[in-house]
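Reader: I am new to this structure and would like to learn how to read its features. Please take me through them one at a time.

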Amino acid sequence: MTCSQLPYRQQNCSFDSHGQHGSGSYGGHRKTMTEHLLKILIVGDGNVGKSSFVHRYVSGQFNKTYKMTVGVDFSVKLLHWSETEKVRLQLWDIAGQERFISMNRIYYKGAVGCVVMFDVTNSSSFLSCRHWKQDLDNKAMLPSGDSIPCILLANKCDLAQRVVSADSIKEFSKANGFKTWMETSVKENKNIGEAMRRLVQEILSVKSRMDPLQPDHENRTSTELDPEFNSSPGPSCC
Ligand SMILES: Nc1nc2c(ncn2[C@@H]2O[C@H](COP(=O)(O)OP(=O)(O)OP(=O)(O)O)[C@@H](O)[C@H]2O)c(=O)[nH]1
Ligand SMILES: [Mg+2]
């Protein structure tokens, strides 16, 4: 599902629920299924490949033609995370041009994870990542005040005219509080699923740490995300 330019009220309605519990039967045993609902932001300068990344991840396809995003697009992907857990991802693909518009605080509300992307053939898109990360940390955070989990993706690593070195990405990632960084090629389908798996793992482990009193905490990857999880005023290579 992709919705372009929905009015905010309509977008936000989809994000008021925070997961569902249901039961499934496995070989005669009934296990409780938990569904985690995670809102994830995809940010970075224009033309770096954010929409292509989401499209590849959700539909498995790549399109050479550039169609600039206006405002925000969102997509949904359901992951069968474990025998007892499903993860429903709501991917908010924010237009690169939003960097120049101060209205995007509403997009960050309720986000529990973020991908910051740049293009390895465009040094200014790399330099902008500092801005995107700072903007994220100012607009979304955990109740503890810590940043929400965020990964850095160095896209278009299939192209020969690379201008950003792996060493500088590594240093930048560490200095700016990213959980990890990866080189990706949406075109060649490199590290797309891996990157998202890593981010989801980080999000679920944060939640698990925040909620240590869950009765079955020791046996589970994580639990439901709280409504207030973050909505207050937070390598591998190709
Ligand atoms: N060679 C190569 N091209 C890519 C890759 N990923 C995306 N592209 C191309 O880069 C262009 C921009 O991709 P988009 O996904 O539209 O970029 P965006 O970041 O969403 O841009 P905005 O919507 O303006 O913020 C398109 O022509 C894509 O086909 C990649 O990994 N390698
Ligand atoms: Mg786009």
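**Reading the strands, helices and core**

Author: Strand S7 (residues 150-155) and strand S8 (residues 180-183) run parallel and are joined by four bridges. Strands (E, at least two residues) and helices (H or I, at least four) are DSSP runs, numbered from the N terminus, and two strands pair if DSSP finds at least two bridges between them. Opposite Leu153 stands Met182 in S8. This is a predicted model, in which local features need pLDDT of at least 70 and side-chain atom pairs count only at pLDDT 80 or more, while totals for chains, interfaces and linings use all residues. Residues are numbered from 1 along each chain as its sequence is written, with chains lettered from A and ligands numbered from 1 in the order in which they are written.

Reader: Through which helix does the chain cross from S7 to S8, and what is the hand of the crossover?

Author: A crossover is right-handed if, with the strands pointing away from the viewer, the path from the first strand over the helix to the second runs clockwise. Here the chain passes through helix H5 (residues 166-175), and this β-α-β crossover is right-handed.

Reader: How many bridges join S6 to S7?

Author: Six bridges join them, and the two strands run parallel. Val116 has Leu152 in S7 as its bridge partner.

Reader: How many residues of S6 are buried?

Author: A residue is buried if 20 or more other C-beta atoms, placed from the backbone, lie within 10 Å of its own. In strand S6 (residues 113-119), seven of seven residues are buried. One side carries Gly113, Val115, Met117 and Asp119, the other Cys114, Val116 and Phe118.

Reader: Which residues have the most contacts inside the largest nonpolar core?

Author: In soluble globular proteins, nonpolar side chains tend to be buried together. A nonpolar core is a set of buried Ala, Val, Leu, Ile, Met, Phe, Trp, Tyr and Cys residues joined through C-beta atoms within 7 Å. The largest one has 55 residues, and Ile40, Leu41, Ile42 and Cys114 have the most contacts inside it. Helix H6 (residues 192-210) gives the most to this core, with eight residues.

Reader: What is Ile40 in contact with?

Author: Two residues are in contact if their C-beta atoms, placed from the backbone, lie within 7 Å. Leaving aside neighbours within four places in sequence, the contacts of Ile40 include Leu89, Trp92, Cys114 and Leu199.

Key
A residue is buried if 20 or more other C-beta atoms lie within 10 Å of its own, exposed if 12 or fewer, and partly exposed in between; C-beta atoms are placed from the backbone.
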